[in-house]
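I opened a structure I had not seen before and kept notes as I went. The entries are in the order in which I looked things up.

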Amino acid sequence: EVYNPNGKYRVVSTKSMPGTRWINLLIEQDCRVEICTQKKTILSVEDIIALIGDKCDGVIGQLTEDWGETLFAALSRAGGKAFSNMAVGYNNVDVNAANKHGVAVGNTPGVLTETTAELAASLSLAAARRIVEADQFMRAGLYDGWLPHLFVGNLLKGQTVGVIGAGRIGSAYARMMLLKKTFEIADHMLIYSPFFFITAYGAFLKANGEQPVTWRRAASMDEISLHPILDKTTYHLINKESLATMKKEAILINCSRGPVVDEVALVEHLKQNPMFRVGLDVFEDEPYMKPGLADMKNAVVVPHIASASKWTREGMATLAALNVLGKIKGYPVWGDPNR
Ligand code: DGY
């Protein structure tokens, strides 16, 4: 799909993205916009090299793509100066390789903060109140009358919730739970984050009497919500050992990146502890779930949709376009992991 074929700068998007604002912005600035129409959900490195071709000024890519040495070298050879992930997370991007090849990298922070936090809160409630199990029960025609024990779950009000990764999203989630604006649930909230004292919301939470805690203390929460970035310090942060320190009836929410949780250990833990519940938006080997997870009634699973509100997805597309345009035209890049 090509817009403004005679535009001076060639910008490629590896996927169709929501809205038209991002396309119009690029066209207004003399870009030829090419959107990949391949049916495949996940493009390979070879697919993307073919898209880049001989001349390409910038690429908007997706978190499912492997943006490493090979692709940045190809983009640089084609005269490209800019790449933006349409995502806030950029664990799929080798920023050092991009720097080496003179390609600026952008991401899309900010516009997905509340949307992602809302999904984490939804998963908290769905897991606590066994919404999915109950829905399946109804659809299967199994409901034959009210019973005192039917789908008894956890009351979140009054529980202590731990947030691991109190950056923008973790802090927004904390605020939602703590301030009881959206839900009247958490009376106590403990925050764990290496960045706690330097984030704006961290300061807000600190002013509200909340303290950063060590993992050991976070592990004794009634609920833990994961919002860290994925790097070698957070890979398998939730594993057999940390799961064993958690309460038997705790709830674990993951809207960050799948590999933060050792999913094999989690499946085993769910089997051994039927009252332990999880709400997962992300998976270790996306798009797959580890064997056994799909059978666990104490797991609520959704397909990486935490940022999937119309407003947010259009905002992400627009920011990604602005990141690429900014570099081509010499404006500052909004989401720049190097900053
Ligand atoms: C991100 O932006 O990193 C999310 O995982 C997808 O919106």
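Entry one, the chain. I noted at the start that this is a predicted model. I counted 12 helices and 12 strands in the protein chain. I then looked up burial: of its 339 residues, 45% count as buried. For contacts between residues at least 6 apart in sequence, I found that 68% join residues at least 24 apart.

Entry two, the domains. I found the protein chain divided into domain 1, given as 2-111 + 310-329, and domain 2, given as 113-301. I looked up their contact, which takes 5 residues from domain 1 and 6 residues from domain 2. On the side of domain 1 that touches domain 2, I have 1 nonpolar residue, 4 polar and no charged.

I picked helix 2 (residues 45-52) and helix 3 (residues 69-77), whose axes come within 10 Å and cross at roughly 10°. Angles under 35 degrees count as roughly parallel, so I wrote helix 2 down as roughly parallel to helix 3. From helix 2, I listed Val 45, Ile 48, Ile 49 and Ile 52 in the contact; helix 3 brings Thr 70, Leu 71, Ala 74 and Leu 75. By class, I put this contact at 7 nonpolar residues, 1 polar and no charged.

Entry four, the ligand. Which residues are around the ligand? I found Leu 63, Ala 87, Val 88, Gly 89, Leu 112 and Ser 307. I sorted this shell into 4 nonpolar and 2 polar residues, with no charged ones.

Key. Residues are numbered from 1 along each chain as its sequence is written. This is a predicted model: local features need pLDDT of at least 70, side-chain atom pairs count only at pLDDT 80 or more; totals for chains, interfaces and linings use all residues. Helices (H or I, at least four residues) and strands (E, at least two) are DSSP runs, numbered from the N terminus. A residue is buried if 20 or more other C-beta atoms lie within 10 Å of its own, exposed if 12 or fewer, and partly exposed in between; C-beta atoms are placed from the backbone. Two residues are in contact if their C-beta atoms, placed from the backbone, lie within 7 Å. Axes are lines fitted to C-alpha atoms, for helices over the stretch in contact, and angles run from 0 to 180 degrees between N-to-C directions. Angles under 35 degrees count as roughly parallel, over 145 as roughly antiparallel, 65 to 115 as roughly perpendicular and the rest as oblique. Ala, Val, Leu, Ile, Met, Phe, Trp, Tyr, Cys and Pro count as nonpolar, Asp, Glu, Lys and Arg as charged, and the others, Gly among them, as polar. A residue is near a molecule or strand if its C-beta atom, placed from the backbone, lies within 6 Å of it. Domain bounds come from an automatic or database domain assignment.
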